[in-house]
Amino acid sequence: MTSAEPLANPELQDVPSAATDAEPRVELPLPPSRRVGERIDWARIWPFLVLQASCLLVFVVGWSPVAVITCVGLYLVRMFGITAFYHRYFSHRTFRVGRGMQFVGALLGAAATQRGPLWWAAHHRQHHRHSDTPQDAHSPIAHGFWWAHIGWIACRRNYATDLDQVPDLARFPELRWLDRNDLVVPLALLAGLMLFGWGLETWAPSLGTDALQMGVWGFSVSTTLLFHATASINSLAHLIGKRVWPTKDKSRNSMALALLTLGEGWHNNHHWCPGTARQGFRWWEIDLSYCALVALSWVGLVHDLRPIPARARDEARRIRG
Ligand SMILES: [Zn+2]
Ligand SMILES: [Zn+2]
């Protein structure tokens, strides 16, 4: 297997400087371009709106235990794809994998229907470079809650993938293909779910499910919940919770968001130290994605999980006194 050894990206792997809130900070006014010239791209966003509206079909198709279990299971697996791979691996390179596993991780993330790995990582790297300034595409501080939660993905400006942000990922043709064809995996998942539901209806009718019910619960409901939970890290995780570290941005730590997102709610920890695979720093800061990554490292599927660097630990001791 060809190694997917990342190119060095010191800016993102390094511990961020322990800047304090007292440090001079240029407070820029809201850019006039925030909405002027930023039109909602209806041609591209309508499938996303239809997806969310299709959740109402639960009142038509009803429910069954197997459909709800599938919904929850796919939420958890795909959330792991987003947190562990799209975020901690593709955006921050906080651990290493072989090239095959890298593609599996990309497929898992793509199944979440949050576009391709290069698009996701490119925007996320921009978020860290410009956190909570007007240049941050989804800052609730600079642009408001709804813009940070959903508005930014609906405008043309943020549709393209800026490959200059992700040269270390763009050198893999399979990732570029997945990024260009980001609907292939979600559509395959939807088709597979409906086929599965049809199979259960045919061969296990006592389970009380069918193709449409499995499509609605397994895809529509699960994907919509997954989207809003992920988006809450862009919006709520910069608004609610506790600030432990004096980062330049307004990121916060929230147990509730951490439980919803398998560990991403420790967002202030993450902005403090984005180069580590771990986001829950203390034993009680539950970070299920990190636990799963540790388990995968035991069986050799992932390697070299980057720990919290000594520099950050020293700084933590200084801050905590
Ligand atoms: Zn953030
Ligand atoms: Zn990040």
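**Figure 1. The largest nonpolar core of this predicted model has 51 residues.** Met79, Phe85, Phe90, Leu118 and Ala121 have the most contacts inside this core. A nonpolar core is a set of buried Ala, Val, Leu, Ile, Met, Phe, Trp, Tyr and Cys residues joined through C-beta atoms within 7 Å. Buried means that 20 or more other C-beta atoms, placed from the backbone, lie within 10 Å of the residue's own. Elements giving two or more residues to the core include helix 5 (99-110), helix 11 (184-203), helix 13 (255-260) and helix 15 (288-298). Helix 4 supplies the largest share, 12 residues. Helices are DSSP runs (H or I, at least four residues; strands are E, at least two), numbered from the N terminus. Residues are numbered from 1 along each chain as its sequence is written, and local features need pLDDT of at least 70, side-chain atom pairs pLDDT 80 or more, while totals for chains, interfaces and linings use all residues. Chains are lettered from A, and ligands numbered from 1, in the order in which they are written.

Figure 2. Not counting residues up to four places away in sequence, Met79 touches Leu226, Ala229, Thr261 and Leu262. Contact requires C-beta atoms, placed from the backbone, within 7 Å. Another core, of five residues, lies apart from the largest one. Its members include Ala137, Trp147, Ala148 and Trp152.

**Figure 3. Helix 4 (residues 65-91) packs on helix 12 (residues 211-234) at about 40 degrees.** Their axes are 8 Å apart. Axes are lines fitted to C-alpha atoms over the stretch in contact, and angles run from 0 to 180 degrees between N-to-C directions. Helix 4 is therefore oblique to helix 12. Angles under 35 degrees count as roughly parallel, over 145 as roughly antiparallel, 65 to 115 as roughly perpendicular and the rest as oblique. The crossing is right-handed (the near helix is turned clockwise from the far one by less than a right angle). Ala, Val, Leu, Ile, Met, Phe, Trp, Tyr, Cys and Pro count as nonpolar, Asp, Glu, Lys and Arg as charged, and the others, Gly among them, as polar.

**Figure 4. Helix 6 (residues 117-129) crosses helix 10 (residues 173-180) at roughly 90 degrees.** The axes come within 7 Å. Helix 6 is therefore roughly perpendicular to helix 10. Pro117, Leu118 and Trp119 in helix 6 meet Leu175, Arg176, Leu178 and Asp179 in helix 10. Five of the contact residues are nonpolar, none polar and two charged.

Note on methods: Two residues are in contact if their C-beta atoms, placed from the backbone, lie within 7 Å. A residue is buried if 20 or more other C-beta atoms lie within 10 Å of its own, exposed if 12 or fewer, and partly exposed in between; C-beta atoms are placed from the backbone.
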